[in-house]
Structures are given as C-alpha cells and as structure tokens.
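Subject: A structure for you to look through

Hi there,

Here is the structure I promised to pass on. Please open it next to this message and follow along as you read.

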Amino acid sequence: MPAYAHRMDGITGSAIRELFKLLSKGDIISFGGGNPSSSSFPVEQVKEITDYLLNEKAEQMLQYGATEGYAPLRSAISEHMLKPKGVDADESCILPTTGSMQGMDLICRIFLDRGDKVLVEAPTFLGVLQTLKIAGAELISVPSDDEGVITEDLEKLIKEHRPKLFYCIPTFQNPSGKTLGLERRKAIARLAAEYDMIVAEDDPYCDLRYRGEPLPPIKKFDTSGNVILLNSFSKIISPGIRVGSAYATADIIRKMTIAKQGVDTHTANLTQAIAAEFLMRGLLPGQLERICPEYGRRLDAMLDAMDRYFPEECAYTRPEGGLFVWGECRGLDMLSLVPRATEEKKIAYIPGVHFYAQPEGHEGTFRLNFSGTAFENIDKGMKLMGELMKEELAR
Ligand SMILES: Cc1ncc(COP(=O)(O)O)c(C=O)c1O
C-alpha cells in the first residue's frame with residue numbers, strides 16, 4: 001500500500017469518539033460527550049416542516065442545489081440569528097455549511113499553507129485542533145483567565161509570531177464554559193485589523209444562556225473584514241441535521257464557496273430548508289425558552305453536587321450557559337484515571353489534556369458535560385467522581 005499523506009502524520013482519532021465506543025459497552029453515567037439532550041430536539045415541529053417541504057417542494061429538496069446555499073436559509077440567518085445580535089449581514093455574505101465544523105475546514109483550506117502559524121485558546125475545542133493539524137498549521141496557545149483569552153498576551157503572541165489566523169470560541173467556550181468579556185471582544189476585532197489577522201469566531205453556544213446578559217459577537221466590532229463568524233444549528237435544533245453557517249466579507253465567502261464546491265457540492269437541501277422554515281416560522285425563541293431552563297437546572301445541579309462532593313484541591317468554572325463545566329484537580333492525572341472512572345465507578349468525563357495544543361502541565365484538568373446525562377444521574381455521578389478524586393489524592 002502507498003504511504004499515507006504527510007498531513008495525516010501524528011493525527012490520532014478524537015478522544016471523545018474513542019470514549020463513545022467504550023460507553024456503548026456498559027452501564028456508565030457519562031459526562032463525556034458534548035451532545036445536546038435528546039429531549040431538546042423539536043421532533044414534532046421538524047416532522048411537520050419536513051412533511052410540508054416534501055409535499056410542497058419535493059423536486060427542489062431532492063434535486064442538487066447551489067453551493068452558495070438554500071436562499072431562504074441565508075436570509076433567515078441574517079434576519080433571525082444575526083440581526084438580533086446587532087449584526088447587520090447581507091445575505092450574500094452568508095454561506096450555509098455542513099455543520100460549523102465545515103466552516104472551519106473551509107477557512108483552513110482557503111487561508112492556510114502547511115506551517116502557517118495559528119493561535120488557539122488554551123484549552124480549545126479538540127475537533128478544531130484536529131482540523132488545524134490536518135491543515136498543517138503550527139499551533140500556538142494563548143493563555144486564558146476567568147474572562148477567557150487574555151488579550152494582552154494575545155497581542156504579544158501576534159507580534160512575536162505574526163499568525164495568519166486566531167481561532168476562538170467567545171461564548172460558553174468548549175471546553176471551559178468561559179465567556180469573553182465585551183472589552184476583550186472589541187480588542188480582538190481591533191487586533192484583527194491592526195495585524196491583518198483572520199479571526200475565526202466559532203459561536204455555537206451563544207443562544208444557550210441560562211443567566212446574565214447576552215454579549216454581541218466579535219464580528220459586530222469588525223472594521224477590517226478579517227473576522228469570520230461561524231454559527232451552528234447543532235446545539236439549538238439538532239446536530240444530526242448538520243447545518244451551520246459562516247458570515248464574512250463577500251470576498252471570503254466567495255473563496256469558501258469555491259472550496260466547498262470541491263468538498264461536498266452543497267449542504268443537504270432538505271436540512272437547510274428545515275432550519276430555514278424553523279427560523280421563518282418564528283420557532284427559535286420558543287425552542288430556546290423550552291430548552292434553556294432545563295439546561296440551566298442541570299448546570300445548577302452539577303455545580304451544587306461538585307460543591308458538595310469534590311475535594312478542595314479541585315477548582316472549576318461556573319458558566320452562565322453552554323454545555324460544559326471545566327475543572328482542574330491539583331495533584332491528579334485525570335487521563336490516567338479514566339480506566340478507574342469507567343471500570344470501577346462507572347462514570348465518564350473527558351481528560352482536559354485532549355483540549356490543548358500543548359498539553360504538558362495540564363494533566364489535572366477535565367471537562368464535564370451536563371446536557372447528555374439524565375438529570376437524576378447528575379448528583380450520583382458527581383458523587384462518584386468526587387470519591388474517585390479523593391481516593392486517588394489519598395493514595
Ligand atoms: C466550539 C465548537 N465548534 C463546533 C462544534 C461542532 O459544530 P457542528 O455540529 O455545527 O459542526 C462544536 C461541537 O461540539 C463545538 O463545541
């Protein structure tokens with residue numbers, strides 16, 4: 001067999017996907033995945049919309065479509081998702097994508113050559129770490145504090161490395177749950193202009209807010225056109241429909257569209273149209289009113305249980321939304337604890353090292369998800385995890 005391409009050198013499968021395989025084996029309480037709760041899916045509404053689309057527009061739905069995307073979806077995203085956040089977007093500058101992950105892949109395809117430098121938050125979403133590694137990017141980590149990425153450090157690293165791209169998740173970050181403050185959002189838009197650097201703003205969790213005031217995306221403060229905003233329907237309607245979007249200048253969207261032609265021709269018409277109808281029928285606010293209180297209740301249950309059961313060596317975030325709590329337990333290696341967690345305690349979490357471009361020194365970190373587990377298992381699972389950490393610390 002011929003050799004695999006160099007772009008696959010050192011690329012391993014996603015740790016989360018591996019954990020999923022393990023979970024299918026037994027009776028494990030999992031805080032590992034990032035899945036929305038299956039009870040969040042608007043099944044009846046999607047059924048009704050699908051029937052309508054197949055009754056009224058079957059030919060269009062089942063035929064090839066334009067790479068640029070389903071036109072009503074582009075205008076619905078502009079009207080119902082961007083305008084309420086203070087972003088006035090011409091629909092020709094919006095590209096529907098096959099999940100927001102594809103948006104990131106297209107950004108890599110059009111901007112990155114092998115060896116180009118890319119700044120990432122530390123920690124950051126491991127799916128995109130994989131996308132960036134396959135693109136051959138040289139990854140440089142930017143430190144964070146409680147308010148997300150530290151913009152002074154970001155500027156220093158930009159001056160030192162002159163990166164082409166900064167990838168960030170400003171709201172209820174995956175994995176940390178942290179939210180970037182308003183001034184930092186403005187600062188990042190300024191840095192994108194001043195240093196002619198692309199900012200890929202990945203914002204799939206912005207609508208999952210359970211308390212506190214919403215913040216505008218970095219894109220609102222973009223004066224240079226260097227900020228690309230990625231949104232997704234995965235966490236607010238369904239990840240299985242695989243619909244997301246990119247909003248950028250006409251020029252960037254054109255290049256991304258050309259790249260997408262060579263990847264998947266277009267995102268599925270039917271699921272784009274489901275997302276479009278969902279927005280145009282005004283169903284999103286009701287959907288968020290239904291799911292956010294339930295997620296907020298789960299988050300509170302998790303934090304309460306962590307307060308009660310976790311050892312004092314353990315610190316963790318208290319997010320206002322999203323799907324994750326991030327923790328660090330001094331003195332423990334959370335990666336090597338995974339077998340005991342799953343086999344003895346029958347619980348699963350994701351060791352934090354997977355979320356770092358440079359994992360050294362972050363062995364004590366871990367990510368917990370509260371949307372994918374039954375509410376009644378949260379307290380029980382956190383108790384078991386607290387016991388595990390305390391037992392290990394006492395060894
Ligand atoms: C930060 C971030 N970006 C993108 C994605 C994937 O989004 P999509 O399903 O739209 O590809 C996730 C999902 O976990 C995520 O956490």
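Let's begin at the ligand. Among the elements around it, helix H5, residues 99-111, gives the most to the shell, with three residues. Please keep in mind that this is a predicted model.

In total, 14 residues surround the ligand, and the closest are Ser 100, Asp 202, Tyr 205, Ser 232 and Ser 234. Sorted by class, the shell has six nonpolar, five polar and three charged residues.

An N or O atom in the side chain of Tyr 205 is 2.5 Å from an oxygen atom of the ligand. For Arg 242, a polar side-chain atom lies 2.7 Å from a ligand oxygen, and for Lys 235 the distance from a polar side-chain atom to a ligand oxygen is 3.0 Å. How much of the ligand's accessible area does the protein cover? On its own the ligand has 400 Å² of accessible area, and the protein covers 92% of that.

Now for the inside of the protein. In soluble globular proteins, nonpolar side chains tend to be buried together. The largest nonpolar core here has 65 residues, and the ones that touch the most other members are Leu 208, Phe 233, Phe 310, Tyr 349, Phe 366, Leu 368 and Met 382. Elements giving two or more residues to this core include helix H2 (43-56), helix H10 (269-280), strand E12 (324-329) and helix H13 (375-394). Helix H11 gives the most, with 12 residues.

Where does this core lie relative to the two domains? Domain 1 (6-41 + 286-394) and domain 2 (43-283) both give residues to the core, so it lies between them. There is also a second, separate core of 26 residues, with Met 104, Ile 107, Ile 169 and Ala 200 among them.

Pro 204 sits in the loop between strand E8 (198-202) and strand E9 (227-232). Is Pro 204 buried or exposed? Its relative accessible area is 11%, so Pro 204 is buried, the cut-off being under 20%. Gly 361 is in the loop between strand E14 (350-351) and strand E15. Gly 361 has 55% relative accessibility and therefore counts as exposed, for which the cut-off is over 50%.

Enjoy exploring, and write back with any questions!

Best wishes

Note on methods:
Residues numbered from 1 in each chain as written. Predicted model: local features only at pLDDT ≥ 70, side-chain atom pairs only at ≥ 80, totals over all residues. Heavy atoms only, no water. Near = heavy atom within 4 Å. Polar contact = N/O pair within 3.5 Å; in protein donor to acceptor, adjacent residues only side chain to side chain. Areas by Shrake-Rupley, 256 points an atom, 1.4 Å probe, with all protein chains shown as cover. Helix = DSSP H or I, 4+ residues; strand = E, 2+ residues; numbered from the N terminus. Nonpolar A, V, L, I, M, F, W, Y, C, P; charged D, E, K, R; others polar. Core = buried A, V, L, I, M, F, W, Y, C linked by side-chain atoms within 4.5 Å. Buried < 20%, exposed > 50% of the residue type's maximum accessible area, 1.4 Å probe, protein only. Domains from an automatic or database assignment.
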